[in-house]
Amino acid sequence: MEFIQYFPEVFTFSNLTILILGTMGGLLLGATPGLSPTMAVALLIPFTFHMQPAPALILLGAVYTATVAGGAVSAILVSIPGAPANIATMLDGFPMARGGKAMQALHYCFISSFIGGMLGVLLLVFFTPVLSNVALKFGPSELFWVAILGVTVIGSLGSGSVLKGLFAGAVGLWLSTIGYDPILGEERFVVTDHLAGGITIIPALIGLFAIPQVLGMLEVTEHQQAKMLALESQSIWQSIKYNFSRIKALTIGSIIGMVVGIIPGAGGQVAGIVAYDQTKKFSKEKDSFGKGNPDGVITAESANNAMVGPSLVPLLTLSIPGSPTAAVLLGGLLINGLFPGPDLFTIHAQVTWTFIDSLIVAQVVMLIFGLTISRYCRFVTRIPQYYMAAAVTVLAVFGTYSVQNSMSDVFVMMTIGTLMYLASKIGFSPAPVVLGLILGPIAESNLIEGKLIAQSGDGFVAYFMSGGINLTLIALCLLSIGYSLVTELIRVKKSRENTI
Amino acid sequence: MSKLLIPAGMFALALLLLFAGLSGSNQEAFLFPNVVAAIMVVIAVLTVVNYFKNNSTEKSKPIPWLVILPALLIFILYLTFAELIGFYVSSFIAFTAIVMIYMPGRFEISRSLKIALVGLLFMAALYSLFTLLLKVQLPRGLFF
């Protein structure tokens, strides 16, 4: 029970102050479109150069925890996910806000983030040695199938039509191949210099969600806005009771978040979307998803926060980051002279356990501040649409530029966003495109790596289609596709019956 | 008939991307995008079949060009001149231009001053976050 022994270390004045400031700052950074958890942690690493290892890691851990939850604030209030991990939250969070339930959506978001986050950190505390072996079992073939499983989920994220959802997802996959081939270095589809670096996730994410939203806001008339301003309030206690009554959504989200967290490189975006998809499939009210079903917010947020703790398991034990942000955090560990492995839990036990304990406290601080800022969401919802559109446009440009200090990213963001606005008019949704962009590089690099391994072994089929994990993932992919097709057929049949 | 334009457009786009991939010099590097484009062709064909089997439940919304054109023009000018005149100045101009054009009611000097003040406060907040706190190097251009 070493984690209890080092708990008081978190509560020293300086450590607690750093933790509170890190959590508050993380919530604000997370809520800013373009400032993803990965970028927030990366930007803060230079600040930790002159700090002691324990407070430095407490700061980075608190920011990591809070930015993942903070990204949901902009996703819910203005339909722009603060980070890729919050895409699934937006699908039902924004319709809830538009229906006057912004406060409830934010309450559910922070409460479920807290529950998922706590479960994830407890998993990290108690099962680190066991789970580090599971992470080692994921090679290129398994990671390829994880990406394919994510792709099969794409269809259900469309605005109704599975075929359109799949097509949009495929467009995202294709867009991810623009730039240089990851293995051969061959230039692909670079029709202008602005595309030489490819299409990176954050500019695409901002463009796909922010620009259609800006143009949509400018379409809104005063009469329509007055209708949207109505805001229902709800006490925190009622929200807590409601959250616990949705135990199925919470459980699915937390379990999927924890499992995905352990898989190296998958990240919160995959966790949130897979959990959302599964909760929708198990729900009796499937049609209400995407229209403001609180279960969508609860499951997505519990999943992306449950991923935080387990994503550190392979990082702390094997130097394998479980998420892109964990990869940046690895840099923070190394800067402080901490090398992942058994030494971390023996020689550096004090620093390591203080860091892990601080993640538990950060969840509590995040919950308190999150629920506090939920009370002020009415100020955001009352901002006139033309002010909001202007602010989001400028923020989108700043956020995109700051990713790589590149004006090309800004041009790509604006172009992709304008095209998405036009596509949204004919029934396409941005979520599948972003998921395709995220999963494309994971699928492609692991396919090529696996192909190379297979060539020196028993061949392609034997490598990609054998082993317990591969077969389980293939079965899940087939189930997901089959389910989507059956649902689509039922939807079309119902639609035709209604027309008749 | 206009509903056929959507599946037909999807099919044309998928074919275009497939041909773009197949015309690449080193086909090994184009394996993944070509597989994806081929899948897109299959999905597009299914959408066309769906249309002719009368299963299509497509609903498209009209694009309000007159409403969005000023915004698109502001976006183009904003990005074109951002590096030349500076990020903060161009952002301030874009912010105030969007609000002034889309704010309902007639033009008044007092209202314009209020918009400019809000714009300045917003720029100050952005300066605090991006330049002072996060140390992001933004293009300063001719002005700031």
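**Two chains, one predicted model**

Hi everyone, let me start with one residue: Phe130(B) is buried, with 22 other C-beta atoms within 10 Å. By buried I mean that 20 or more other C-beta atoms lie within 10 Å of the residue's own, while exposed means 12 or fewer and partly exposed is in between, with C-beta atoms placed from the backbone. Before I go on, a word on the source: this is a predicted model, in which local features need pLDDT of at least 70 and side-chain atom pairs count only at pLDDT 80 or more, while totals for chains, interfaces and linings use all residues. Residues are numbered from 1 along each chain as its sequence is written, and chains are lettered from A and ligands numbered from 1 in the order in which they are written.

Back to Phe130(B), then. Its place is in helix H5 (residues 109-133) of chain B. Helices here are DSSP runs of H or I with at least four residues, strands are runs of E with at least two, and both are numbered from the N terminus. What does Phe130(B) touch, not counting residues up to four places away in sequence? The list is Phe398(A), Ser402(A), Val136(B) and Leu138(B). For contact, the C-beta atoms of two residues, placed from the backbone, have to lie within 7 Å. Leu46(B), on the other hand, is 84 residues from Phe130(B) in sequence and 47 Å away in space, C-alpha to C-alpha.

That brings me to the interface. In total, 42 residues of chain A are in contact with 51 residues of chain B. On the chain A side, the elements giving two or more residues are helix H9 (162-175), helix H10 (201-219), helix H21 (385-404), helix H22 (407-424), helix H23 (430-455) and helix H25 (468-499). H21(A) supplies the largest share of that side, 11 residues. By class, the side of chain A that touches chain B has 28 nonpolar, 7 polar and 7 charged residues. For the record, nonpolar covers Ala, Val, Leu, Ile, Met, Phe, Trp, Tyr, Cys and Pro, charged covers Asp, Glu, Lys and Arg, and the others, Gly among them, are polar.

Now chain B by itself. Chain B has 5 helices and 0 strands, and along the sequence the pattern reads α-α-α-α-α. Along the principal axes, the C-alpha atoms of chain B fill a box of roughly 60 × 45 × 25 Å. Of its 144 residues, 26% are buried.

Axes are lines fitted to C-alpha atoms, for helices over the stretch in contact, and angles run from 0 to 180 degrees between N-to-C directions. Under 35 degrees counts as roughly parallel, over 145 as roughly antiparallel, 65 to 115 as roughly perpendicular, and the rest as oblique. The crossing of H1(B) and H2(B) is left-handed, meaning that the near helix is turned anticlockwise from the far one by less than a right angle, with clockwise giving right-handed. This contact has 17 nonpolar, 3 polar and no charged residues.

On to chain A, with 25 helices and 2 strands. Of its 500 residues, 60% count as buried. Among its contacts between residues at least 6 apart in sequence, 79% join residues at least 24 apart.

Two helix pairs share H5(A). The axes of helix H5 (residues 53-78) and helix H6 (residues 87-98) of chain A come within 6 Å and cross at roughly 50°, so the two helices are oblique to each other. H5(A) passes H6(A) in a right-handed crossing. Helix H3 (residues 13-31) of chain A and H5(A) also have axes within 6 Å, crossing at roughly 30°, and are therefore roughly parallel. By class, the contact of H3(A) with H5(A) has 16 nonpolar, 12 polar and no charged residues.

Last stop: Leu371(A), in helix H19 (residues 349-374) of chain A. Leu371(A) is partly exposed, with 19 other C-beta atoms within 10 Å. Met103(A) is 268 residues from Leu371(A) along the chain, yet their C-alpha atoms are separated by 9.0 Å. Thanks, everyone!
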